[in-house]
Amino acid sequence: MLEGAIPGAAPEQLSAAGWNGLTMEGVAGAAQTGRAAVCRRRPSKEDLVADALRAGPPQFAAVQDLGGVREDLLDLRL
């Protein structure tokens, strides 16, 4: 269960906080576990995001078309 919760929480946190705001603590809280459990499985933010992307692309419920790819990506904080 934890193996699925961590990759599921990472894209949510990345979307909400952006790369600079993404923390192991934030992902751990969203996955309802401790920071140590996250760090044991994924020692860096890069590993965390890479594993989450390998699990499948993030799902976007309702993405608003802002008129251009750049604007859309900036709105999604990608």
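I count two residues as in contact when heavy atoms lie within 4.5 Å. With that set, I opened the predicted model.

**Entry: overall make-up**

I looked at contacts first. Among those in the protein with a separation of 6 or more, 48% are between residues 24 or more positions apart. Next I went through the secondary structure. I find 5 helices and 0 strands. Along the sequence the pattern reads α-α-α-α-α.

Then I checked surface and burial. The accessible surface of the protein is about 5,100 Å². Carbon and sulfur atoms hold 54% of that area. The protein has 78 residues, and 26% of them are buried.

**Entry: the core**

Which residues touch the most other members of the largest nonpolar core? I get Ile6, Ala10, Leu22, Val27, Val38 and Leu48, in a core of 13 residues. Helix 1 gives the largest share, with 4 residues.

I picked Leu48 from that list and read off its partners. Beyond its neighbours within four places in sequence, Leu48 contacts Ile6, Ala10, Met24, Val27, Val38 and Arg42.

**Entry: Leu22**

I moved on to Leu22, another of the core residues with the most such contacts. Where does Leu22 sit? I place it in the loop between helix 1 (2-21) and helix 2 (24-30).

Is Leu22 buried or exposed? Its relative accessible area is 3%, and the cut-off for buried is under 20%, so Leu22 counts as buried.

I listed its contacts too, leaving aside neighbours within four places in sequence. Leu22 touches Ala10, Gln13, Leu14, Ala17, Val27, Lys45 and Val49. Leu22 and Lys45 are 23 residues apart in sequence. Their C-alpha atoms are 7.6 Å apart in space.

**Entry: Gln32**

Last, I turned to another loop residue. Gln32 lies between helix 2 and helix 3 (35-41). Its phi is near 55°. I note that this is a positive value in a residue other than glycine.

Is Gln32 buried or exposed? Its relative accessibility is 76%, and exposed means over 50%, so Gln32 counts as exposed.

**Entry: the two loops side by side**

Leu22, between helix 1 and helix 2, is buried at 3%. Gln32, between helix 2 and helix 3, is exposed at 76%.

Technical notes: Residues are numbered from 1 along each chain as its sequence is written. This is a predicted model: local features need pLDDT of at least 70, side-chain atom pairs count only at pLDDT 80 or more; totals for chains, interfaces and linings use all residues. Side-chain values use heavy atoms; hydrogens and water are left out. Buried means under 20% relative accessible area, exposed over 50%, partly exposed in between (1.4 Å probe, protein chains only). Accessible areas come from the Shrake-Rupley method with a 1.4 Å probe; for residues, only the protein chains shown count as cover. A nonpolar core is a set of buried Ala, Val, Leu, Ile, Met, Phe, Trp, Tyr and Cys residues joined through side-chain atoms within 4.5 Å.
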